[in-house]
Every structure is written in structure tokens, then in C-alpha cells.
Amino acid sequence: MPVSLQSLKYFEEIYPIRIAQLQQERAEGKKIIGTLCLYVPDEIIFAAGADRIILCGGKTETIPRAEESLPRNICPLVKSSFGALVDACCGGDLACPHVSLVDAVVAEATCDAKKKTYELLPRYQETYVLDLPQKPESPQARAYFLSELRKFGKYMQELTGNPISTTALEKEIRAENETRRLLHRLFALRKRDPPPIQGSDVLRIMQRQFFLAPDQFREGVTRLCDELEHTAPGPQKAPRILVAGCPMPAGNTKIPDIIEQKGGVVVAEESCTGTRSFWDLVDEKKDPWVALAERYLKIPCACMTPNDQRIARIAELVEAYRVEGVVYYTLQFCHAYNIERTRVQQALKERNIPLLSIESDYGEADVAQIGVRVEAFLEMLA
Ligand code: SF4
Ligand code: SF4
């Protein structure tokens, strides 16, 4: 592994610049939208002349704030995100500074924990909920989602006062596809053996994707790819691990950190903070609304049923990245990903790929115990 990559500094230095940009936009009357899920298309938000930041929380600090009104036994991601919004709206300082810059939250009907939490959000913040079909491959699903996207488009037009033209939407689709292609370029470099970058570094960059403006993010990823393409890989070989499962939003790098401290290397993440965010492109030749509906329904989230496309994606990643073992990551109390593990495990068994299942929260209490299990798993793979 290279000791340090110069281009990684960009992602640290750009944070205060992005905060200043959001403050400036707000002062000029631009609307800032907070989202909490990949199913909400950025293209529609940007085409309406608004900006967006993703509010999924990976920090523990805001969880107690959420537990004042939510049950303790729900997923930490929901509690962290909700706690951050509540705290920011009540003038607290527990959340990251960008949370208080949001004008409206565009949420989505996915898992139960999120849906029911969104019913509490309007007390603190204007909230719009995008509905989703639950069976993405059913013939009616696309038509229904298309109608939901058009409705969402109308909401954005009313909020911003800007019409969404076909030209603007097509332009945003092309721009987002450029980001997706760039991420494919970055991830392709991780197919090298050994890869030129640690998985925990890639995860930290992927987390920035949801906060930076798209052009800022592309600039950083381009610099990184340019540097990696001229970086000699380190001499040491390490077991190649795919992390599959729940998202790992900013503040949470616990699992890849443990894997790489114990001597493995994460070569890909089948996650919303990994391949799920960019794998499929939007068809630029179709009607933009139809193309968006089709592409976003391809996101293989465990909230969907049946979720065959996720099993196929994991098999594809295992082969393409020459994965030796899968660490299946479930956030505590996330039933969707937890239950889906059985099908993933079966598919991997048929391919002789071992799986280590880890269920964890954002706390530090289980780090040593997870470390012991990861160490044993890596030894078995070596
Ligand atoms: S795991 Fe599913 S619900 Fe959560 S952010 Fe990803 S797509 Fe959305
Ligand atoms: S990790 Fe699971 S429980 Fe948590 S928000 Fe995502 S789908 Fe819902």
C-alpha cells in the first residue's frame, strides 16, 4: 500500500469550502434539500435549481437526542440521522454544520424504521416523502415510480419556483453519469492485486460523494484516479474482502478499519456507500423521466422484494474483484439486511466463498470482539 496519497488531502480541504458555498447559496435564496436515501434522484433536485446534501448519519453523538422520541431498538443510522436533524433544528451543536443548512427534507418510503420516523420529522423540518414500489420487477412498478417521480418534480418546482425543463434534466443526467463513470474508473483500479488504495480510504471518499457538490466530487476523484494510475502497488498481498450490506455513512468506518488493521484489504463495498450508489447509469437516449424511473428501481436495496438483483450483483462483484471472503455487515436492528443474509450466504456457498456475518452498532464496545472474529476469518482465508 502507498504510505500516503496526496490527492486524499483534497477531500479534507474542500469541506469548509463546501460549507461556505452552501451558506452563500442559501443567502442568495437557493433551496438546499436534505435526502436520506439513494432512491431520491439528485438529477431532479439539481434540475429544479436546488442543491442537495445527504443527511444519513454515521455519528454516535446525535443518537441520544433521537432516543428522546424514538425507541432504542432501531437501527443506529436512523437514530443518528434523526437526532442530527432534531438537534440542528433546535439550535444544538451535536450535528455536522451542514445539517442546519437544509430547507427541506426529501425522504422516501423504504424500511419501517425510516417510514415511521419520517412521520415525526415535520415537527422539525419541512418533509416530503417519495413513495416507492416494493416489488421493483413487477410490471406495474415502473409506471408507479414514474408517476411518483413526476409528483416529486412538481413539488420541487413549487418549492424553488423554477420549472424543470427536459433540457435541464437531461443535462443533470449526463453530469451524474459522468460521476458514475468516474467511480467505475476508481473501482476498476481496486481490481489490481494488491490494490493501490485501502478500502477504508475509498469509503471515506464515497462518504464525501453525498455532501460535496458534484463538480467538487468529480474533481477529487479525477485527481485520485490520476495519482493511483501512476502509483506502484505495495509488495504485500492480503486477503481480498468484499464488504456487503448496510450503508456506512460519514462517521462510521468501523468495519473496514478493523478488517484492514487485521491485515485484510477491502476491494469493494456492496453498499449504498459503495457500488449501489453508482453501478448503473441512466439511459441518456430515453425520455429522462422514464430513464430515471428505470435506473433508480435497479438499486438493489434489501427493502425490495424479491431482491434477486442484489444476489446477482454480489456474485458479479465477487468474480470481478477476485474476492476471497465476504464480510456481511448488518447494522443492529436492520431486519431487511439481516434476513437477506441467508440468501446471500447460500449464493456464496455455491461459489465456495466464505462469509463472515457481523451485526454491529456505532459504538466502540464490540470493536475488540469483532477484531478477534475478523482475525480468525482472515487466517482461514490466508
Ligand atoms: S439501504 Fe436502502 S433504504 Fe438505506 S439508503 Fe440504501 S437504498 Fe436507501
Ligand atoms: S440500515 Fe436497514 S434499518 Fe437502517 S435505515 Fe437502512 S434499511 Fe433501514
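Helices (H or I, at least four residues) and strands (E, at least two) are taken as DSSP runs and numbered from the N terminus. The structure is a predicted model, in which local features need pLDDT of at least 70 and side-chain atom pairs count only at pLDDT 80 or more, whereas totals for chains, interfaces and linings use all residues. Residues are numbered from 1 along each chain as its sequence is written, and chains are lettered from A and ligands numbered from 1 in the order in which they are written.

In these terms, F333 is placed in the loop between β7 and α13. The phi angle of F333 is near 75°, a positive value in a residue other than glycine. A residue is classed as buried if 20 or more other C-beta atoms lie within 10 Å of its own, exposed if 12 or fewer, and partly exposed in between, with C-beta atoms placed from the backbone. F333 counts as partly exposed because it has 18 C-beta neighbours inside 10 Å. R322, in the loop between α12 and β7 (325-331), also has a positive phi, near 45°. R322 counts as exposed, since 12 C-beta neighbours lie inside 10 Å.

The bond from D193 to P194 is cis, with omega near 0°, and P194 belongs to the loop between α7 and α8 (199-209). T305 and P306 are likewise joined by a cis peptide bond, with omega about -15°; P306 is found in the loop between α11 (288-296) and α12 (308-320).

The domain assignment gives domain 1 (8-19 + 30-164) and domain 2 (167-381), the bounds coming from an automatic or database domain assignment. Taken over C-alpha atoms, the centres of domain 1 and domain 2 are separated by 21 Å. The contact takes 38 residues from domain 1 and 44 residues from domain 2, where two residues are in contact if their C-beta atoms, placed from the backbone, lie within 7 Å. On the side of domain 1 that touches domain 2, two or more residues come from each of α1 (8-27), α2 (42-47), β2, α4 and α6 (139-160). Of these elements, α6 gives the most, with 6 residues.

An open sheet of 4 strands is arranged in the order β2-β1-β3-β4 with parallel pairing, two strands being paired if DSSP finds at least two bridges between them. Its edge strands are β2 (51-54) and β4 (127-130), each of which pairs on one side only. Strand β1 (residues 32-35) pairs with strand β3 (residues 104-108) in the parallel sense over 3 bridges, and I33 stands opposite A104 in β3.

A residue is near a molecule if its C-beta atom, placed from the backbone, lies within 6 Å of it. Ligand 1 is surrounded by C37, L38, Y39, T110, C111, P247, C272, I299, C301 and C303. At least three residues of the shell around ligand 1 come from each of domain 1 and domain 2. The residues around ligand 2 include C75, C111, K114, C246, C303 and C334. Here, too, domain 1 and domain 2 each contribute at least three residues to the shell. Helices α4 (76-89), α5 (112-118) and α13 (335-349) each supply at least two residues of the shell around ligand 2.
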